Amino acid sequence: MKILQSYINGTWAEGNGDGIIMHDAVTGEVIGRSTTDGLDIPSVLQYGRTKGGEVLRKMTFQERGNMLKKLALFLTKRKEQFYEISYRTGATRIDSWIDIEGGFGNLFANASLRKLFPNQPYHVEGDPIDLSRGGRFMAHHILVPKRGVALHINAFNFPIWGMLEKCAVNWMAGMPAVVLPAPQTAYLTEALVRVIIDSGILPEGSLQLLSGMTKNILDTVESQDIVTFTGSAHTGKLLKAHPRLIEESVPFTMEADSLNASVLGKDAIPGTPEFNLFIKEVRKEMTVKTGQKCTAIRRIIVPSDLVEDVQIALGQQLDKVTIGDPRLKEVRMGALASKQQVESFRNNVSEIAKTAQMVYGSLDTIETVGADAEKGAFVSPILMRQDDPFKNKEAHIIEAFGPVSTIMPYDTLDDAITLAHMGKGSLVSSIFTYDDQIAKEFVVGAASHHGRILVGNRENAKQSTGHGSPLPMLTHGGPGRAGGGEEMGGMRGIKHYMQRCAVQGTPTTLTEVTGIYQANSKYKETDKHPFAYHWEDIEPGMSLKTHKRTVTDTDIINFANLTWDHFYAHTDITSLDGSIFEKRTAHGYFILAAAAGLFVYPNKGPVAANYGLEECRFLRPIYHNDTVYVRLTCKQKIDRDHRGKELPSGIVKWFVEVFDQEDELAAIATILTMVQKKSPFVQVNRSNIEGYLAKLTEDMKPKWGIMTPQHMIEHLEYTVRIGAGEIQDFEIATPEEYLEKVQEMVYNHKPMPREHQHPLMKKGDLEVLRHENLATAKTKLLEALDNLEIFFKENPEAVTKNAVFGEMNKFEWDLLNVKHMNHHFEQFNLLD
C-alpha cells in the first residue's frame, strides 16, 4: 500500500507504522495511508527556523511578493492535474475551483500587498511619535519577521486553499511554514507540495510538509513560532491548552467550525430580488463542497410569516441538486470526504432532529448519478425546521458538517440578532434586505459575534462574492466558538507573523532605522541636485536647500486672475479686520507652486513625472514682500512594478519645507515623483562598440547556443538593418492580441531569454554566412549602425516593423539594440 510522503529537512521521507488509511470519497477505493511515525519532528521545526527562515527574513517585501506572484503563475499553468486528484475528495469541478484556483488566487492577492510595504525586509508602522519638546527624542514602531516557524494544522475540506491562504501570509511576512494537512485529503496537499518544491521558486526550508497525524508536534514549539489551527472547536480547545504553548507563550490562532446564520429581512418578501437571492444563497451554501465549509449557512433566520414560503422555495431549489460522481457535468453535489464524516454527519443531524423537524431529505435513502451510494461517502441535503429556536438550542450548538441547515423564525429584528448571537460566535453572517436601515441595525447589533457580515441585495448581486467566500483582503475568523482568531485580512494578516517593536532615539537615528526621513533629522547634502539621481542612488535624508524668492503683490494678483481664486485675503485688503491675516496674503497653492519653481530640476534626468501630492499644510501666512526658500528632502522610497511602455521606475516621496525670511516654517508638503531606475545593461552604442568588437575573435565559443562569432555579428547587423527600414519584407509573427504586452518587453530591464528562436532565423540550424570573414562582418555591422542613425535623423517620425515587437520608433529601436547587443556580447563574454 502506498505511503504518503512528507517533505522535511530538504528531502522526501516516509513514516512507518500503520498510519491512517485514505479512501476515494466517491468509490471507496483505498488510496494509501498517511503516517509520520518514526520521523524526527523536532528537527523539522528547527530546519525551518534556520534554513528557510534565514533566507526569507533577508528578502524585502517586494522580493517576497514577486516570489508569490511567480509561484501563483507557475501553479495556475498546472492547475488541471490538481482537479483530477480533487475529484477523489468528493469535490465537483466548482467545489475544486474554490479550493484550487481560490488557493492560487490567494497567492496573487497577497503578492499584490507588497506595494503597501517598504522596499526592505521589515515594516514601519504608523506615524512617528515626538517624545520631547523640539523633536530631538522620538519613537517609531517597526515590525520584523519572527524567527520561528508558522505551524499550520489544517482541516480536510480545503486541502489546497487551506494551506495556501495561511502560507501566503506567513511567506509575505518572511516566515517559513510547516504544514500538517488532515489525513482524509492529505494526498491532494502532498501533490501540490511536490509541484511547489519541484518549481524551485521558494527558498529551501520555507515549506515543509508532514503527511499524517503527528501527536508530538507541539512538544518542541518555541516562543518565536506561531501555531494556527483549522478544524473542530473541540480539537482546537485541546490544542490551545497544550502546556508547551502556555510555557513558551506561543501565539495560537484558531479558526473553528461555527454555526453561521443568514437572515432574511422583513422587506424581502416572495417576489422581491432579495428573497430570490436569499434562497439561492442558502441552497448554494448547503450544497457547495457538500456543505463541508466552515463558512456554510447552518441557521436560516426568517420572518415568522415567511417560514412556509422559504421552506417551499428551498425545497424546490434542492430538488434541482443532482448527487453523484463529481466528474460528471450534470452532478451538482459530490460526496463527503470520508465514510467517517458520513457517520458523524448522521449522528449530529439526529441530535438536531430531537427537537426539530426534518422537512427535506433523508438520512436513509439517496439517489446518485454515476456512483454507488453504498461505496461512496454520499449523503442527501437535509433541511430542518425549528419552530421554537429560543427554547430548543440544539441547532445553535451542534454542527453537522455537511449539507444541512435549519430554518427558524423571528418576529422582530432584535429577535433575529439574538438568534444570530446564540451561535456563540461565528465566522460569518449575512442579511438579505433592500432596506439600508434594517441592514444597519442588524450589522451594528450582530457584529460583536461575527468576523464578517455580508449585506446582500439586488444592487450588488452580480458582483457579490457570496456569504461563504473568505477573501484575502478581509479578516477571516470570528469570536467565541469560531476560535477567537483572525487569518488573512490584508496587511493585518501579515503583521500577525511579525514582532512589533517600539524604537526610541533621535530623528537622525530613526531615519536610518526606518528608512523614512523623520522631521528634524540631519540633512544629507548632495553633490548634485537630488532630481539628477536615479532611484537606486537616492537615500532618505538626501536634501537640497534652494535659493530664495520674494513674493510680490503682482505675484498674488496674477495668481488670483490665473486660477480665479479671489478669496478676500488675497484680493481685498480692506476686509482683513477680524481675520487671522494682517496683510495681503499669498495663496497657499501659490506658495506650493512657487516652492516647486525653486526646487524643480529643469534639465531632463531620471525624474520622469510628478506622481502626486500626499500631504500639505500651510502653517503661517506668507504676505506680499515676504521672502521664501525651500528645503527639499527625500522622505521615502517605494518600489514600483514595471508596467506598460515606460521605463522601469520607483516612487520617491519628497518632504518639502517652505521657510520665510525669519527661517520660520511656513508650509510643508509631501510630493511624489516617478524616478527612473538604472538600466542594468551596458550602454553599447556607436561610440564604444568598436572596443567590444575588437575583443571578439574567430575561435571564441558561446556560453549558450550554436552561433559562431561571425554568425552572431551578422545576426546583429541583420536586425539593425531591419530597424533602418532596409529589410521589411516579412510579416509580424506575434499575434495582434499579444503585441501590446510583448512590446512592453522592449522597455523593461529583463535580459533577453537564452536559446530563444527568432522567427526570421532557421530553426535548429545556422544561417548561411553572407560575408567572407569576421572582420568584414564587423565592418558591415558598424556600417549598418551608421545607416540606422542617418535614417532616423532624416526621418525622425518614422516607424519600422520588427518581426517580434511590431512597429517601433527610433527610441524603441535604441532600447532594443542595447538589450540585444548585451545579450549576444554576454553570450561571447565580451562585456566588462
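This is a predicted model: local features need pLDDT of at least 70, side-chain atom pairs count only at pLDDT 80 or more; totals for chains, interfaces and linings use all residues.
Figure 1. Helices (H or I, at least four residues) and strands (E, at least two) are DSSP runs, numbered from the N terminus. Residues are numbered from 1 along each chain as its sequence is written, and side-chain values use heavy atoms, with hydrogens and water left out.

**Figure 2. Helix α3 meets helix α4.** Here α3 (residues 79-86) packs against α4 (residues 93-112) at an angle of about 135°, and their axes are 10 Å apart. Axes are lines fitted to C-alpha atoms, for helices over the stretch in contact, and angles run from 0 to 180 degrees between N-to-C directions. The two helices are therefore oblique to each other (under 35 degrees counts as roughly parallel, over 145 as roughly antiparallel, 65 to 115 as roughly perpendicular, and the rest as oblique). From α3, Lys79, Glu80, Phe82, Tyr83 and Ser86 make the contact (heavy atoms within 4.5 Å), and α4 brings Arg93, Ser96, Trp97, Ile100, Glu101 and Phe104.

Figure 3. How many aromatic pairs does the structure hold? There are 17 aromatic pairs. In one of them, the ring centres of phenylalanine 82 and phenylalanine 104 are 6.1 Å apart and the planes stand at 75°, so the pair is edge-to-face. Rings of Phe, Tyr and Trp (its six-membered ring) pair if their centres lie within 6.5 Å; planes under 30 degrees apart count as stacked, over 60 as edge-to-face and the rest as tilted. This pair links distant parts of the chain, with phenylalanine 82 in α3 and phenylalanine 104 in α4, 22 residues apart.

**Figure 4. Helix α3 meets helix α6.** With α6 (residues 186-199), α3 packs at an angle of about 165°, the axes again being 10 Å apart. That makes α3 roughly antiparallel to α6. Gln81, Phe82, Ile85 and Ser86 of α3 meet Tyr187, Leu188, Ala191, Leu192 and Val195 of α6.

Figure 5. An unreviewed UniProt entry lists "domain: MaoC-like" for residues 540-643. This span is 26% helix and 29% strand, and its end C-alpha atoms lie 25 Å apart.

Key:
UniProt positions are given in the numbering used here, feature names are shortened, and annotations may be inferred rather than shown by experiment.
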